[in-house]
Amino acid sequence: MESLEIKIARDFSFSPGPRYIDEGKNSGEQFRKHVLYPKFKEAIKTNIKIVVDLDGTDGYGTSFLEEAFGGLIRIDKLSYEEIIKCLKIISKEENYLIDDVFEYLKDAHEESAK
Amino acid sequence: MKKLYITKKYKIRNKIQAKNSLKRRLAFKVHKRQKNISELGISEPELEHKRKFEDPYKDYKKIHAPSKLSFIENSSEVVEFIDKLKKHYDLKSKVFVVLKDVKEISYDAIVVLLSIMVKFKSNKIKFNGDFPKDPEARKILDESQFLKYLFQQFKESDRYSLGQRSSIHTHAWKDVDSELGSELIRQASKTIWGEERRCQGVQRTLIELMLNTNNHADDEKKGEKYWWISVHHDKENEKVSFAFIDFGVGIFTSLNNKRNGSKFYGVLEKVKERFKYGNNADLLRLILDGTVHKTATNRPYHGKGLPGINMALNRNQISNLNIITNNVHANIDNLDFKIMSNSFSGTFVYWEVNKTNINSHGITRN
């Protein structure tokens, strides 16, 4: 299956920051709005896989990842099933982040279903 | 022009200025009279001696620093010291910090001294002090350039960077600054491993702390309080220590004050009901292991906030983690959670990074 790759360190920032734009530079909100969501829309539309590579950065605050991925459901109203179908996460340096990201998506999905 | 002077506006202004001027002249007259009375019968040479050697800070409130100025090893006394300074800051009264009897200063106390000094000076409240007689303590203060800044003016500013060319760097701001975190880690890794490396656990710790200050230190508004961080490079022992402080409401007060609509609203009652914790020391354990988060959200916990810092310690990404907030001092490495006799309004976090901590190679910046 064809895929689209996003490497955060290359395509966004080496130093991902806080959750919201008003909290500081390189926020999860900024990443979602300008990088992740446009690519996701494209991937869903063309039915291709999207690979997000978390390696190579200085490290992540939990809020960055939660806002970036959870926000796709909460704010951008993408469907959980569609995201899960086309998302692949690479995180060799901090492998626990893969589970975290999928849990953030699950939480956002359950929250939005309420 | 003449017409201007007889306008009503001018007359009112002139009257106010004359009134204020008279007030100042009368006050000075009283002061001068009192001074003359106090100097009656004193000879000219005696007066000269008095002028030369009398304490120039006699109208400053003297605050004695504890002889062991270490937030980690002497937390109760340091909290008491901060509390006294805070009271005078609130009253806007001049303060002189007596450091001459300090026998021991640890690097974690530097951030306390510098942040308080800048707080006073930037608000135009006179702040001064002396220096320790003990050579070792004096050396540490010199390294931090505290004495240099003591005679410098500070403006109310967005951010501060102190001691850039020394082994103790101090920074302050209100926003989350991941790029500063990255820079501090790169410098730290050179001291520890002799080359630039990435320490994702340290970066997470810094981001979570800055975010906590930005989001929770002030009950009313986001981004109101400063966070301060001091980093000390110990080249000899290949170790770098980080001391972070904010003078917000502190963790427990913040949890207690959560309003309706916050996911943590009413969480303390729920946690108390389920886990029957005894005091804030027990509560901090429950916060760090994610229990409070789980109780508030009814969801499994994924390393958010303070528990994320605890996980960085458990993954061996940082060492010697200490948290002091409100009436609790926790040395998390040793599972030592203590209740202090005084309460600190704010949050202080200290940790170290050494050769044994997990890190990543490879920094490519384009």
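In the predicted model, Gln152(B) is placed in the loop that connects helix 7 (146-150) with strand 6 (160-162) of chain B. Gln152(B) has 11 C-beta neighbours inside 10 Å and is therefore classed as exposed, the cut-off for that class being 12 or fewer. Along the chain, Gln152(B) and Val118(B) are 34 residues apart, and their C-alpha atoms are separated by 9.6 Å.

Helix 5 of chain B is mostly covered, with 13 of its 15 residues buried. Just after this helix, Lys124(B) adopts a positive phi of about 60°.

The chain is divided into domain 1, covering residues 56-163, and domain 2, covering residues 172-366. A distance of 24 Å separates the C-alpha centres of the two domains. The contact between them involves 18 residues of domain 1 and 18 residues of domain 2. On the domain 1 side, the elements that supply two or more residues are helix 4 (75-91) and helix 5 of chain B. By class, the residues on this side of domain 1 comprise 10 nonpolar, 3 polar and 5 charged.

Chain B as a whole contains 14 helices and 11 strands. Its C-alpha atoms occupy a box of roughly 75 × 50 × 50 Å along the principal axes. Of its 366 residues, 39% are buried. When contacts in chain B between residues at least 6 apart in sequence are considered, 68% of them join residues at least 24 apart.

Chain A has 5 helices and 3 strands, arranged along the sequence in the pattern β-α-α-β-α-α-β-α. The radius of gyration of chain A is 13 Å, close to the 13 Å given by the globule rule for 114 residues, so chain A is as compact as a globular protein of that length. The box filled by its C-alpha atoms is roughly 35 × 30 × 25 Å along the principal axes. In chain A, 41% of the 114 residues are buried. Of the contacts in chain A between residues at least 6 apart in sequence, 75% join residues at least 24 apart.

The contact between the chains is formed by 24 residues from chain B and 21 residues from chain A. On the side of chain B that touches chain A, the elements giving two or more residues are helix 8 (178-193) and helix 9 (200-216) of chain B. Helix 9 of chain B makes the greatest contribution to this side, with 7 residues. The side of chain B that touches chain A is made up of 5 nonpolar, 10 polar and 9 charged residues. On the side of domain 1 of chain B that touches domain 2, the corresponding division is 10 nonpolar, 3 polar and 5 charged.

Methods. Residues numbered from 1 in each chain as written. Chains lettered and ligands numbered in written order. Predicted model: local features only at pLDDT ≥ 70, side-chain atom pairs only at ≥ 80, totals over all residues. Buried ≥ 20, exposed ≤ 12 C-beta atoms within 10 Å, placed from the backbone. Helix = DSSP H or I, 4+ residues; strand = E, 2+ residues; numbered from the N terminus. Contact = placed C-beta atoms within 7 Å. Nonpolar A, V, L, I, M, F, W, Y, C, P; charged D, E, K, R; others polar. Rg over C-alpha atoms; globule rule 2.2 N^0.38 Å. Domains from an automatic or database assignment.
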